[in-house]
Amino acid sequence: MSASHGDPNADSGTSAAVGSRAEASGAPDRESAADGYLPHPYVGGRTAVLRALAAWRMEWPGTPRVIAVTGSPGSGRSRLLTGFLMLCDPEQRSRLPVNRMDPTTIPPDMPAPVVPEVVGRTGEDLLWSIARRLGMHVSRPEHVFTRLAVAAGPVTIVVPDVDRAGPVRAAGEPERLVRQVLRRLATTRSVRLLAEVPRDLAAELTSALPAGQAQVVDLDEERWADPRAVVDQAAGALDPARGGRSLPFAEDAAARSALAEAVAAGAGGSRLTAHLTVRSLLFGPEDFDLAEAPKLPASPGEALDFHARRLGTDAETLRLLLAPLAFAEGEGLPAPFWGPLAHVVAERDLGKELSSVTALAAPFVQRVGFRERPSAVPGAARAGAPAGSLSGEAADDGDEAAKSPEGGEGGEDSGVGEEATAGRAVGERAAEDQAAGEPLTDAEAAVLTPPGALPEGGLPTSEPAGATVTGTGDMAATDSAARPRRLLRLVHPALAEEIRTHLPASREAQTRLAMALLKSVPRQDWSRADPYVCDHLAGHTLDAGLLPQLLTDPALFVYADPHPLRAAVAAVPPESLGAPARTYLRTAALLPRGREEARTRAALLETAFVEDGLQPYAEALHGLGLDLPWRTLWSVDVSGVTAVRTGLLPLSPPKPSTDAGEPPVRRRAHRGGGAASRSVVALLVPAGTPGARPLTAVRLDPDAAGASGASGASDAPGTPGAPGAPGAPGATDPGAGVQASGASSGAGASSGAGASGDRGVPGDEGAAGDAGSRGTRFPETADGVTLAAELSAAGLWDGVEGVAVLLQGLHESGRVESDPGAVRLPTSALREEAPLGMRLGSGGVRVWDRDSHETIAELPAQPTFVAADLSFDGVLVVATADKVKALQVGERSSTPHAHRAASHAR
């Protein structure tokens, strides 16, 4: 986004940006003034472009459906779009003098267009943002294209700042956004698209469209350039009456006008170059000889050289001083990092230059302000977005959309909740532009960039005044790593690109910077690392070509913000990634953001490591002291599972064994007998699954099945009159009992294990699916419920061919070769005694304590779970389309693996 025009006393509020301080953009442009109209007070010109955009907005006959606004970096395209969006938003529009502006530049009074968040976002994030703006409820971001294609009417979407897309600079997100998202939006006939894109991507966006449907507006072309507006911009910024400093060359109107003409002529129409030149004039020496006008800068790089000459310093030194800010990731660099990292990049002491940093850096540095580290938002998944996406950051938007009446463009799939969100987005963009003109003060510079060498051990803490630092060293842990931080950045991305491009050995400089950040982590304890280091070190190492070497510590995966880390890892060629990094990449979309969510991230990653056979990494996560909500016991690849049941397999009394490797035998005692039993899980799978046995001949007579392999005749399941058959005494309605298949439908259901009417789902007592609230569900004996009877009564098996049962050990991985008919499920009495309850829905599984109603564990669907069950002793078994895994939930999850068997035996 282009910087504002240099008002050191500018108000940071939106109203100041577009209202009383509208003249900050410069004097009225001559073309509009000649017609008696005021120019746009925020744009300061560009009348021809605003006319074209207004015609596009009103769908004037002959206007294109898609417009790509482009231009050289610093040409003012972001500021132009911000000004246009002010005219499109009812709230912002009311603050503009529209009655005095050219009516051909004013779009019609219509609902505000959809303006998705782009800066720092990925293409997937942009689609989730569009879904929220339009009130769409989709399960995958790509479904947005399908919904837009069938919209009842045109849907207007404005996408600004494409060049600033992506949470990691070196990941190439702008190109990916154009190719994978914007091109598909452009070819969707129901979409009217306005996008601000870099010049090298403009043709790529519009090339697939028929003639007449797309237009590229290049702000550097003569018909759109408006060079007079650059003169007015410079004159307005120099005028002391409009916020400029009272300097000799600025107080006289004639001299000021001549200087503004010279600045614009030197800048060659570049608003950024003119902006930097004026700031150098205002915040450098108080005298300037107009005879030097021919030497005024023609590019951002020349503006750096010009300012260095005026202050009598070396231009290379100024670039080295600003280099840490040019390499900064995210929203900006923590202020205390600037000075120490400048020493690192320069490989020499810059203490002398840092002592005069205010004068040196003032034209080029802006304060971002105090920013909170992103936190988790409970409503993140409300619109269907995964926990790891950015959709949660605007959960309030989803609420607004849900409460707003349907309407706007495109019928029910568009216009919902757009006006409020678009207005807020415009206001934030305007306020950000206005704040860009505020230079650092001497007091701030003295505190934020202390002179001297890099402190021993690394960097100073980035916490603001008042944060309690514990321990010693550069980056000691603070009492609250989520406290807001002061961030700094360069006034424009093009200036940062200029510094990086012309810095000698830029890759080596980035490497030194990345290593300094890595060394700042106290004893490599990522829980104590500064949030900037934790979240953005991956971006620095990606740019330096070192990221794969960093991706071996599972603790980094836990404490880093998954949004930028996932983007950085995804940018590495797959063949360069190790196994832990590949596991992280496939799991990252599920990981919630926020430092307070480290425990949840660790638990999800622990399961993923077990699934991928990386047990040492899973155990390492248990060593972080986070008290994970579960321990993953095992994971197996099984396809086609439709039901999961945990139960007991009666065994013959086992002989004493001296084999230490023999799986421990699980012992349970049902009320009617004391036979030894083994805990198992029965998986209903397609016939032919390796290791599975068909159900066609399983026994239903509980008295005849005493031990594994017992034989004897019984009625076939599903036969009228057979125990558990529909219509038989004691039979129940399908779907009752322990939750199994059908979970993907989205209807919530509770585990029968431990279910009871007075200890049901927290906040949902007596709801459908709480099996225990309806009494005994299946035919029982003291020995338990037979597996076949339960499956038959639940409507999961009707006795036909094609269905089989695969038995797995519950607490130890491995198939159990035994008759499925011998498996006994818990009685309803035992279910009611279980301490934990479970609920399975389309979003995943939740387990809670039935006495306290406290949630013990939440497992998001990855993908949608097709079946789940919870054993009496808290082992949660969940199945997806191709995988089954068992998790020990609750306090016992922290029990070391070697002692788990003994702790569960009765």
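This report walks through the fold, aromatic contacts, helix packing and selected residues of a predicted model.

## Overall make-up

The protein chain has 906 residues, and 58% of them count as buried. It contains 34 helices and 21 strands.

## Aromatic pairs

A search of the whole structure finds 6 aromatic pairs. One of them is Phe249 with Phe288. Their ring centres are 6.2 Å apart and their planes stand at 70°, so this pair is edge-to-face. The cut-off for that class is over 60 degrees. The two residues come from distant parts of the chain, 39 residues apart. Phe249 belongs to helix H12, residues 248–251. Phe288 sits in the loop between helix H14 (271–283) and helix H15 (300–310). Both Phe249 and Phe288 are buried.

Phe609 and Tyr617 pair with another geometry. Their ring centres lie 5.5 Å apart and the planes make an angle of 35°, so the pair is tilted. Phe609 is buried, at 0% relative accessible area. Tyr617 has 25% relative accessibility and counts as partly exposed.

## Charges over rings

Two arginines sit over aromatic rings. The charged end of Arg79 is over the ring of Tyr42, 4.0 Å from the ring centre. Arg184 lies over the face of Phe145, and here the distance to the ring centre is 3.9 Å.

## Helix H11 against helix H13

Two packed helices are described by the angle between their axes and the distance between the axes. Helix H11 covers residues 227–238, and helix H13 covers residues 253–267. Their axes come within 8 Å and cross at roughly 130°. That angle makes H11 oblique to H13. The crossing is right-handed.

Which residues of H11 and H13 meet? On the H11 side they are Arg228, Val230, Val231, Ala234, Ala235 and Leu238. On the H13 side they are Arg256, Leu259, Ala260, Glu261, Val263 and Ala264.

The buried residues are Pro300, Gly301, Ala303, Leu304, Phe306, His307, Ala308 and Arg310. Gly312 follows H15 and has a positive phi, near 70°.

How many residues of helix H17 are buried? The count is 9 of the 9, so H17 (residues 338–346) is largely enclosed by the rest of the structure. The buried residues are Trp338, Gly339, Pro340, Leu341, Ala342, His343, Val344, Val345 and Ala346. After H17 comes Glu347, with a positive phi near 60°.

Gln510 lies in helix H24, residues 506–519. Is Gln510 buried or exposed? Gln510 is buried, with a relative accessible area of 0%. Setting aside residues up to four places away in sequence, Gln510 touches Arg169, Phe327, His540, Asp543 and Ala544.

Thr206 is in helix H9, residues 199–206. Thr206 counts as buried because its relative accessibility is 13%, and the cut-off for buried is under 20%. Again leaving out residues up to four places away in sequence, Thr206 touches Ala68, Ala214 and Val216.

Pro111 is in the loop between helix H5 (90–93) and helix H6 (123–134). With 28% relative accessibility, Pro111 counts as partly exposed. Pro111 and Asp89 are 22 residues apart in sequence, and their C-alpha atoms are 7.4 Å apart in space.

Notes:
Residues are numbered from 1 along each chain as its sequence is written. This is a predicted model: local features need pLDDT of at least 70, side-chain atom pairs count only at pLDDT 80 or more; totals for chains, interfaces and linings use all residues. Side-chain values use heavy atoms; hydrogens and water are left out. Rings of Phe, Tyr and Trp (its six-membered ring) pair if their centres lie within 6.5 Å; planes under 30 degrees apart count as stacked, over 60 as edge-to-face and the rest as tilted. Helices (H or I, at least four residues) and strands (E, at least two) are DSSP runs, numbered from the N terminus. Buried means under 20% relative accessible area, exposed over 50%, partly exposed in between (1.4 Å probe, protein chains only). A charge sits over a ring if NZ of Lys or CZ of Arg is within 6 Å of the ring centre and within 35 degrees of the ring normal. Axes are lines fitted to C-alpha atoms, for helices over the stretch in contact, and angles run from 0 to 180 degrees between N-to-C directions. Angles under 35 degrees count as roughly parallel, over 145 as roughly antiparallel, 65 to 115 as roughly perpendicular and the rest as oblique. A crossing is left-handed if the near helix is turned anticlockwise from the far one by less than a right angle, and right-handed if clockwise. Contact means heavy atoms within 4.5 Å.
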